[in-house]
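Okay, thanks for having me, everyone.

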Amino acid sequence: MATSTKKKTSTVVNLPPNPFIFEILEAVSKQRTIDKKVQILKRYDTESLKAVLIWNFDPSVISLVPYGEVPYEKNDVPVGTDHTSLRKEWKNLYHFVKGGNDSLSQVRRETMFIQMLEGLHPDEAEILCLVKDKNLESKYKVNKSVVEKAFTDIKWGDRS
């Protein structure tokens with residue numbers, strides 16, 4: 001009996017092809033050991049995932065979007081229809097941090113941020129709102145040390 005319990009905890013997490021960032025972070029959050037969290041992050045390694053984690057955990061990345069709740073309309077259309085994902089939008093995140101596109105007016109930056117949130121899957125938009133405030137850990141059980149172990153190629157600091 002104990003053997004079957006052990007097998008259940010060691011099962012490999014299989015997410016759909018091209019998973020949303022929230023699906024990856026939820027899978028990581030469900031793991032009880034650091035090694036399993038690292039394993040999932042490595043398995044679903046993408047530039048978009050790293051960009052989100054860097055924004056959240058690197059203190060040198062400074063958000064230019066105001067702290068706190070963002071007034072936007074959640075995209076509540078059925079999954080698979082009119083959503084985009086952070087996997088597709090991550091290349092535009094530079095607009096929202098210091099040193100990315102400093103020539104952008106604050107009004108334009110905030111408008112672009114809201115437009116991005118409104119096009120994203122609601123759980124992806126929530127991640128972006130958490131990340132801009134460096135608050136990802138309030139929802140997901142992932143921290144900087146886990147990220148550092150999973151992605152040794154990330155160079156921390158000197159970003160803004």
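Let's start with Ser-63. Setting aside neighbours within four places in sequence, Ser-63 is in contact with Trp-55, Phe-96, Val-97, Val-131 and Lys-132, where contact means heavy atoms within 4.5 Å. This is a predicted model, so local features need pLDDT of at least 70 and side-chain atom pairs count only at pLDDT 80 or more, while totals for chains, interfaces and linings use all residues. Residues are numbered from 1 along each chain as its sequence is written, and side-chain values use heavy atoms, with hydrogens and water left out.

Where does Ser-63 lie? It's in the loop between helix H4 (47-57) and helix H5 (86-89). Helices here are DSSP runs of H or I with at least four residues, strands are runs of E with at least two, and both are numbered from the N terminus. The side chain of Ser-63 makes a polar contact of 2.8 Å with the side chain of Trp-55, and it also reaches the backbone oxygen of Lys-132 at 2.6 Å. For the record, a polar contact is a pair of N or O atoms within 3.5 Å; within protein, one must be able to donate a hydrogen and the other to accept it, and residues adjacent in sequence count only if both atoms are side-chain atoms.

Next serine: Ser-105, in the loop between H5 and helix H6 (106-119). A polar atom of the Ser-105 side chain sits 3.1 Å from the backbone nitrogen of Arg-108. Ser-105 is partly exposed, because its relative accessible area is 41% (buried is under 20%, exposed over 50%, partly exposed in between, with a 1.4 Å probe and protein chains only).

And Ser-29: buried or exposed? Buried, because its relative accessibility is 15%. Ser-29 belongs to helix H2 (residues 21-30). Apart from neighbours within four places in sequence, Ser-29 is in contact with Lys-37, Tyr-140 and Lys-141.

That brings me to H2 itself. Eight of the 10 residues of H2 are buried, so the helix is largely enclosed by the rest of the structure. Among them are Ile-21, Phe-22, Leu-25 and Val-28. The buried residues of H2 pack against helix H3 (34-43), H4, H5 and helix H7 (122-132).

Zooming out, the chain has eight helices and zero strands. Buried residues make up 44% of its 160 residues. Of the contacts between residues at least 6 apart in sequence, 75% join residues at least 24 apart.

Last topic, pockets. How big is the volume of the largest pocket? About 310 Å³. The definition: on a 1 Å grid over the protein atoms alone, a pocket is an open set of points where a 1.4 Å probe fits, with protein on both sides within 12 Å along at least five of seven lines, and lining residues have an atom within 4 Å of a point. Grid points are joined across faces, edges and corners, and a volume is the space filled by probe spheres set on the points. Fifteen residues line the largest pocket, and the closest to its centre are Ala-51, Ile-54, Leu-93, Tyr-94 and Val-97. The second largest pocket holds about 230 Å³ of space. Its lining includes Gly-68, Tyr-72, Cys-129 and Lys-132. Lys-132, remember, is the residue whose backbone oxygen the Ser-63 side chain reaches.
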